[in-house]
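Subject: Structure handover

Hello,

Here is the structure for your files. My notes on strands, helices and a few residues follow below it.

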Amino acid sequence: MEQNANVAHRWRFCRLGGFDQVRLETAEDIRHLAELDQKLWAALSCPVNGLEFDARSLAMLDSDSDGRVRVQEILAAVGWTCSVLGSLDTLLAGSSHLPLQAIDNSHLEGQQLLASARQLLAYLGKPEAESVSMEDVADTDTLLHESAFNGDGIVPPHAAEDEETRVLIEEIIACVGSDQDRSGLPGISRDRVAAFYEAAQLYTQWWERATGNSAILPFGESTMAAASVFASLKTKLDDYFTRCGLAAFDPKAEEPLNPSIATYETIGGQDLHNESTELERFPLARIQAGRPLPLQKEINPAWAGAMEQFADLIVTPLFGPVESLEEGQWRRIKATLVAHEEWRAEKAGVEVEPLGIERIQAILQGSGREQLEGLIERDLQLADQVDTIVKVVRLVHFNHDLYRLLNNFVAFRDFYAKGPKAIFQAGTLYIDGRACELCVRVESVETHSPLANLSRTYLAYCDCKRRNSNERMLITAAFTGGDSDNLMVGRNGVFYDCTGNDWDATIVKIIDHPISVSQAFWSPYKRIARMIGEQIEKFATAKAKAVDSSAGAGIAGVGTKAAAGAQPAAPFDVGKFAGIFAAIGLALGAIGTAIVSILGGFMSLPLWEMPLAIGGIILAVSGSSMLIAFLKLRQRNLGPILDANGWAVNTKAVINIPFGSTLTKMAELPKGAERSLVDPFAEKKTPWKRWVFLLVLLTALGFAWNKGYIQQIGQKLKPLLTGQMNNAPVKKELAQPAAK
């Protein structure tokens with residue numbers, strides 16, 4: 001037994017994507033996963049967003065909630081799952097149902113899981129069921145929401161057994177805040193209860209210091225209201241008496257200390273009311289040297305209400321029903337409230353003050369705290385049971401999803417093997433007569449594209465949106481087949497996500513790389529054709545402009561020529577004509593000579609060398625492009641595309657030419673389909689006979705030039721044409737006398 005225990009697990013690998021990938025096919029492979037060297041893992045971490053994978057399962061795997069699933073978290077999930085399952089058959093099958101008999105009840109945790117699973121089924125009204133499904137655990141939050149006690153030590157208001165306790169819980173939440181219950185509702189914990197009662201105790205002790213103390217409460221029960229009015233008017237009263245004192249010091253200051261006529265004119269055009277800001281800035285009354293403050297008349301309207309309360313709550317109890325307040329009386333009022341202000345500054349337990357001292361005292365004298373402690377204790381008694389239910393939910397999710405994640409994390413089997421798509425493949429993009437299978441969600445084109453460019457793959461970023469919806473999504477699609485002639489920014493297509501929903505897709509950015517060797521083969525010829533077309537277009541445009549310019553100049557010069565008189569036409573220059581003819585003949589002869597030389601050399605080759613010569617010409621034109629494309633296509637790599645999305649790919653996941661052809665499917669006619677080649681709108685056929693005639697003519701001219709025949713004909717024609725042109729002026733002079 002000890003000898004067998006020390007034998008290392010025998011791993012099996014397969015070659016996929018240019019690297020060795022581990023084959024996770026048996027339960028023993030899963031159980032020994034922690035022994036596999038991390039250098040052999042396909043990835044070391046992956047994000048929890050943007051994947052075609054159950055988001056709840058990813059959140060359970062992300063134990064530290066950092067937004068990434070890492071190797072140690074994978075190993076922890078695998079180790080725990082293997083420890084509580086007696087058989088991994090359903091895990092390897094990715095079953096959505098977890099049989100209860102698969103749970104290993106030979107240890108305490110397994111027994112608790114089994115008991116909680118049966119209790120969960122009982123809650124769902126299926127006590128006789130022998131398996132827990134993904135559907136059963138999909139709504140456990142609602143199940144806990146409906147339960148008043150769920151083991152988290154937080155009691156929401158609806159958990160109270162009587163109205164008084166419910167009101168107390170709501171008051172505690174209003175005063176010291178709440179904690180979120182597992183059901184999602186606000187509630188209170190032991191810490192909240194302790195904080196509330198501590199604040200209530202401190203507030204009561206603070207209040208009791210003032211009870212019966214006339215220095216702190218000089219106006220009895222109305223002292224608090226009087227102190228509030230005093231605080232609101234203190235600054236304005238100090239301002240008034242200070243201004244009056246300054247006017248007494250210097251009579252010239254009296255007028256500037258009162259609002260000026262210009263100020264009244266400024267606000268005169270406005271709709272004024274007692275709460276106008278401009279009025280609040282005015283003094284309480286007119287400033288005059290040594291003048292007491294009137295309490296009933298001649299008061300600033302903005303402060304009339306507050307002054308009335310000030311007189312009723314403070315002035316009258318101290319000085320009786322007086323009509324004005326002297327500065328000495330004002331100083332006495334401030335001295336009277338000094339002790340009260342010091343007491344208020346030492347206030348403690350302010351959190352509970354909104355309840356009022358009577359309610360606070362009633363709470364402290366009642367038995368509410370004991371009832372709350374009892375409810376919290378009752379809730380905590382279910383902690384183990386509820387936590388185990390949560391573990392049941394996790395186990396059901398891992399049973400369904402963990403094996404698939406391993407085949408997209410430890411190895412990229414789902415990406416390279418035929419079958420389900422990899423978890424990073426978002427769907428299929430249909431555009432330009434092809435279907436792109438490698439489509440990945442991205443958060444931002446600007447942040448993804450710089451790193452993705454290193455993948456050496458032709459990528460098109462598409463903005464996808466649902467019809468009649470505000471949903472939007474960004475994807476990048478890899479093109480690994482066909483050509484890029486009709487791919488451009490703004491081109492539209494349709495994207496189908498993994499659930500079958502269709503999205504309108506528009507290309508917003510392209511990263512250009514070779515797509516295929518066939519594209520590279522034709523690219524030199526397409527470039528030459530495009531260059532010739534551009535040059536012809538430029539030439540035609542230049543000629544058209546020249547014609548327009550010459551026509552305009554000719555029309556503009558008609559009047560000038562008419563006024564100056566007709567000028568005699570220049571005599572025909574035979575020498576120039578002969579030179580032009582010779583130049584044309586020279587050009588045609590050179591072209592013909594070149595063609596004859598090429599054809600002569602080709603026809604002189606043995607028959608078996610002719611195909612080699614044609615192949616050599618093609619290789620000279622397209623060979624370099626094909627070689628460069630071939631080398632780049634061999635460097636295509638999945639890693640940068642995923643790394644730009646937050647993955648940590650641990651290997652060079654190659655997208656070679658054969659595998660790339662499976663990721664982009666070109667349009668093909670179905671097998672057995674009938675096809676008619678008669679197209680009524682087809683382009684007219686090229687007049688090949690005319691081109692053959694021109695080719696033969698050029699060849700003959702070249703041959704004649706090479707033999708000197710054209711030069712001999714030119715020498716014979718030149719004297720004849722020169723003599724005729726010299727005799728023409730003589731005949732013209734003889735005809736003029738006869739006309740006279």
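Y430 has A435 of strand 12 as its bridge partner. The model is predicted: local features need pLDDT of at least 70, side-chain atom pairs count only at pLDDT 80 or more, and totals for chains, interfaces and linings use all residues. Residues are numbered from 1 along each chain as its sequence is written, and side-chain values use heavy atoms, with hydrogens and water left out.

Helices (H or I, at least four residues) and strands (E, at least two) are DSSP runs, numbered from the N terminus. Two strands pair if DSSP finds at least two bridges between them.

Strand 11 (residues 427-431) runs antiparallel to strand 12 (residues 434-436), and three bridges join them. The two strands form a hairpin with two residues between them. D432 sits in that turn and has a positive phi of about 55°. Strand 11 also pairs with strand 16 (residues 492-497), antiparallel, over four bridges. There, L429 has F495 of strand 16 as its bridge partner. Four of the five residues of strand 11 are buried (buried means under 20% relative accessible area, exposed over 50%, partly exposed in between, with a 1.4 Å probe and protein chains only).

Axes here are lines fitted to C-alpha atoms, for helices over the stretch in contact; angles run from 0 to 180 degrees between N-to-C directions.

Strand 14 (residues 458-465) pairs with strand 17 (residues 502-511) over seven bridges, in the antiparallel sense. C462 has I507 of strand 17 as its bridge partner. Contact means heavy atoms within 4.5 Å.

Strand 3 and strand 4 pair over three bridges, antiparallel. P47 has R68 of strand 4 as its bridge partner.

Is S45 buried or exposed? S45 is found in strand 3 (residues 43-47). At 7% relative accessibility, S45 counts as buried. Setting aside neighbours within four places in sequence, S45 is in contact with R68, V69, R70, F409, G646, W647 and A648.

**Helix packing**

The crossing of helix 4 and helix 20 is left-handed (the near helix is turned anticlockwise from the far one by less than a right angle; clockwise would be right-handed).

Helix 4 makes the contact with I74, A77, V78, W80, T81 and V84. Helix 20 brings K391, R394, L395, F398, L402, L405 and L406. These residues divide into ten nonpolar, one polar and two charged. Ala, Val, Leu, Ile, Met, Phe, Trp, Tyr, Cys and Pro count as nonpolar, Asp, Glu, Lys and Arg as charged, and the others, Gly among them, as polar.

Helix 11 (residues 223-249) packs against helix 16 (residues 327-336) at about 150°, with the axes 12 Å apart. This crossing is left-handed too. The contact uses F230, K234, L237, D238 and F241 of helix 11, and E327, W330, I333 and K334 of helix 16.

E255 lies in helix 12 (residues 254-257). At 68% relative accessibility, E255 counts as exposed. The C-alpha atoms of E255 and I287 are separated by 8.2 Å, with the residues 32 apart along the chain.

Best wishes
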